[in-house]
Amino acid sequence: MKQFFVVVLCLLLLASCGGSKTSNTEETVPADSTVVTADSLAVSDASDDLLANLPMPKAADELFDDFLYNFAANRKLQMERIAFPLKKVNGNKVETIDKRQWRMERYFMRQQYYTLLFDSERHMEVVKDTSVNHAVVEMIYFNTGAIIQHVFNRLRGVWMLTEIQTIPISASNNASFLEFYSRFSTDTEFQEESLAESIQFEGPDPDDDFARMDGVITPDTWEAFAPELPKQMIYNIIYGKPRPEGNRKVFVLRGIANGMELEMTFQRKGGEWRLYKLTT
């Protein structure tokens with residue numbers, strides 16, 4: 001994953017040699033605090049005790065991804081960044097959740113990968129936009145046809161979880177593509193029928209560890225390239241204002257600590273989605 005968990009380097013020292021704890025105040029964090037990557041951080045209950053004593057640098061509130069990784073890894077921080085009592089909406093049913101009822105939310109950190117949906121390669125740059133003040137983490141369940149949305153807003157410079165909403169997949173701005181993907185990921189015959197006549201391929205060169213190669217995949221050779229896709233549930237993050245569903249979608253699957261990277265570009269023509277590009 002190309003983003004960073006923003007935690008000071010002493011986490012590693014604390015984990016390995018039981019060093020002294022740091023104060024949970026922003027003033028104790030030097031301006032040039034060292035960051036470690038997701039590869040260095042195991043999200044577990046044991047590491048959570050260490051993380052609770054490490055304040056999150058203000059820079060982590062600039063990008064939503066940086067904040068979210070810290071939010072999912074640090075129980076104490078998570079409790080501080082939820083607007084309790086938290087509003088929970090499911091259709092006409094409105095409830096509230098207080099601190100005592102809240103259970104730690106790890107999101108995709110346990111499974112070591114996550115998925116995203118974009119309207120184009122250019123739209124993917126939104127994850128680096130520091131002006132984004134609204135974001136929604138979606139948990140999309142194909143078995144129940146529901147999407148649980150965790151709504152975050154940056155208030156007075158800090159990200160806060162402000163509401164939880166449950167909507168049917170049919171009400172999503174990505175409804176058409178999600179209904180297509182649900183079948184594409186589970187039905188081999190339908191998957192083959194949903195391929196363009198030629199699929200642009202970009203990936204690592206098997207003969208050179210430092211080079212990449214371009215090529216074309218045809219439906220008759222697809223079986224050799226077909227990736228294993230999540231089927232029952234996927235995640236998505238909406239950065240900023242939701243966009244109307246267009247006729248192009250980039251499905252991204254990224255590993256958190258294993259270097260996995262997959263992009264599949266689909267286009268809708270005549271009401272039918274087809275795969276046109278595969279990048280690994």
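## Briefing: surface, pocket and salt bridges

The chain has an accessible surface of about 14,700 Å², and carbon and sulfur atoms account for 49% of that area. The model is predicted. The chain holds 14 strands and 6 helices. Of its 280 residues, 47% are buried.

**Contacts**
- Take the contacts between residues at least 6 apart in sequence: 64% of them join residues at least 24 apart.

**Largest pocket**
- The lining divides into 11 nonpolar, 8 polar and 5 charged residues.
- Strands S5 (113-118), S6 (134-141), S7 (146-155), S8 (158-168) and S11 (233-239) each give at least two residues to the lining.
- S11 supplies the largest share, with 4 residues.

**Salt bridges**
- The count of salt bridges is 13.
- Asp119, Arg243 and Lys249 form a linked network of salt bridges.
- Glu228 pairs with Lys231 at 2.7 Å, N to O. Glu228 is exposed at 66% relative accessibility, while Lys231 is partly exposed at 33%.
- Glu272 pairs with Arg274 at 3.3 Å, N to O. Glu272 is partly exposed at 45% relative accessibility, and Arg274 is partly exposed at 26%.
- Asp187 pairs with Arg183 at 3.6 Å, N to O. Asp187 is partly exposed at 27% relative accessibility, and Arg183 is partly exposed at 44%.

Terms used
Residues are numbered from 1 along each chain as its sequence is written. This is a predicted model: local features need pLDDT of at least 70, side-chain atom pairs count only at pLDDT 80 or more; totals for chains, interfaces and linings use all residues. Side-chain values use heavy atoms; hydrogens and water are left out. Ala, Val, Leu, Ile, Met, Phe, Trp, Tyr, Cys and Pro count as nonpolar, Asp, Glu, Lys and Arg as charged, and the others, Gly among them, as polar. Buried means under 20% relative accessible area, exposed over 50%, partly exposed in between (1.4 Å probe, protein chains only). Contact means heavy atoms within 4.5 Å. Accessible areas come from the Shrake-Rupley method with a 1.4 Å probe; for residues, only the protein chains shown count as cover. A salt bridge is a side-chain nitrogen of Lys or Arg within 4 Å of a carboxyl oxygen of Asp or Glu.
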